[in-house]
Amino acid sequence: MTDPRPIGVFDSGVGGLTVLREIIRRSPAESTIYLGDNARAPYGVRSDEEVLAFSTQSLDMLAEREVKAIVVACNTSTAVAIGALRRRYDLPILGVIRPGASAAALATRNRRVGVIATPATIRSHAYFGAIKDENPAVEVYEHATPALVPLVEAGELSGPTAQAVVAEALAPLFGERDAAGESIFPRPPGATIDTLLLGCTHYPLLRPIIAAIAGEQVAIVDSATATASALAELLGINGLEASGPAEPRATEATHLQLTTGDPGSFHALAGRLFGAAFPEVERVELAVAAR
Ligand code: DGL
């Protein structure tokens with residue numbers, strides 16, 4: 001049995017494209033429909049009620065398009081709404097928090113993990129719980145970094161402004177260093193993390209800057225690869241794969257991108273991730289854009 005229906009992938013904006021990229025790499029036979037609610041991003045500074053309402057509208061739209069499974073490629077929506085979303089649809093719904101938590105718990109050697117994420121994700125303590133479920137001995141340092149998503153949505157992924165914003169956001173975790181790389185504010189004794197979990201799907205787009213600030217002794221982990229593997233497993237278990245060894249896919253996989261925002265800027269940013277072959281972006285309306 002094979003199932004050619006697409007996989008729905010949702011994020012508040014362009015961040016989920018980092019997960020989509022890994023899904024396409026890991027499962028090249030699968031078609032996808034990506035929805036970015038760019039007009040209402042960022043979600044991470046909103047109330048839980050708003051995040052739930054906007055996530056539900058977005059997933060309703062993907063479900064209407066006959067997807068066979070949905071990846072909530074947004075930590076904020078996963079943290080706040082995954083339970084309600086799973087109750088609402090007769091579809092497998094995969095979030096990004098458990099795969100990321102499991103990857104971080106496996107990566108740390110000194111059992112100290114820092115998590116950076118949006119205020120809503122940090123407020124939920126979803127990562128704290130998920131990492132503790134994997135290994136109760138791991139100490140988890142959660143830190144909200146609300147300045148990073150607006151930077152990514154604006155396409156500011158490098159340069160002095162991006163560097164300064166990221167350095168300020170990470171200062172409480174890593175302290176500040178002088179020009180020679182020495183710590184001006186050393187980390188609290190015993191609190192030296194060896195693993196930093198990027199708990200927002202936008203953050204891998206700032207990975208080079210984050211890695212430079214964290215230093216090479218800190219492993220940077222994100223949810224994208226682990227989520228793509230979890231999805232491949234989920235499709236296999238449920239008999240939902242688009243092709244099997246005995247039944248190759250009859251037609252090429254297709255990839256459709258939908259945004260509630262400006263298709264031009266979405267396309268420009270997506271092009272940086274996927275190259276020139278990135279398909280057309282379609283604009284969709286979910287509801288009156290808030291704010
Ligand atoms: N990419 C979302 C996340 O992983 C975005 C956050 C936002 O819109 O604030 O949390």
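**Exercise 1.** In this predicted model, determine which kind of interaction joins the side chains of Arg-123 and Asp-48.

*Solution.* Begin with the atoms: a nitrogen of Arg-123 and an oxygen of Asp-48 are 2.7 Å apart. Then apply the cut-off, which for a salt bridge asks for a side-chain nitrogen of Lys or Arg within 4 Å of a carboxyl oxygen of Asp or Glu; the side chains of Arg-123 and Asp-48 therefore meet in a salt bridge. Finally, place the residues in the chain, where domain 1 comprises 7-95 + 225-283 and domain 2 comprises 98-222. Across the interface of these two domains, one salt bridge is found.

**Exercise 2.** Describe the polar contacts between the domains, and the elements and residue classes on the side of domain 1 that touches domain 2.

*Solution.* Start with the count, which gives twelve residue pairs in polar contact between domain 1 and domain 2, with both residues at pLDDT 80 or more. Next, list the elements of domain 1 that give two or more residues to this side, namely helix H1 (17-26), helix H3 (75-88), helix H10 (224-237) and helix H11 (263-274).

**Exercise 3.** Work out how many residues are in contact between the domains, and how much area they bury.

*Solution.* First, 30 residues of domain 1 are in contact with 23 residues of domain 2, while the C-alpha centres of the two domains lie 24 Å apart. Second, the domains bury about 1,800 Å² between them, of which 60% is on carbon and sulfur atoms. Third, consider individual contributions: Asn-75, Leu-269 and Arg-272 supply 27% of the area that domain 1 buries against domain 2, more than any other three residues.

Methods
Residues are numbered from 1 along each chain as its sequence is written. This is a predicted model: local features need pLDDT of at least 70, side-chain atom pairs count only at pLDDT 80 or more; totals for chains, interfaces and linings use all residues. Side-chain values use heavy atoms; hydrogens and water are left out. Domain bounds come from an automatic or database domain assignment. Contact means heavy atoms within 4.5 Å. Buried area is the accessible area (1.4 Å probe) that two parts lose on being put together, summed over both. A polar contact is a pair of N or O atoms within 3.5 Å; within protein, one must be able to donate a hydrogen and the other to accept it, and residues adjacent in sequence count only if both atoms are side-chain atoms. Helices (H or I, at least four residues) and strands (E, at least two) are DSSP runs, numbered from the N terminus. Ala, Val, Leu, Ile, Met, Phe, Trp, Tyr, Cys and Pro count as nonpolar, Asp, Glu, Lys and Arg as charged, and the others, Gly among them, as polar.
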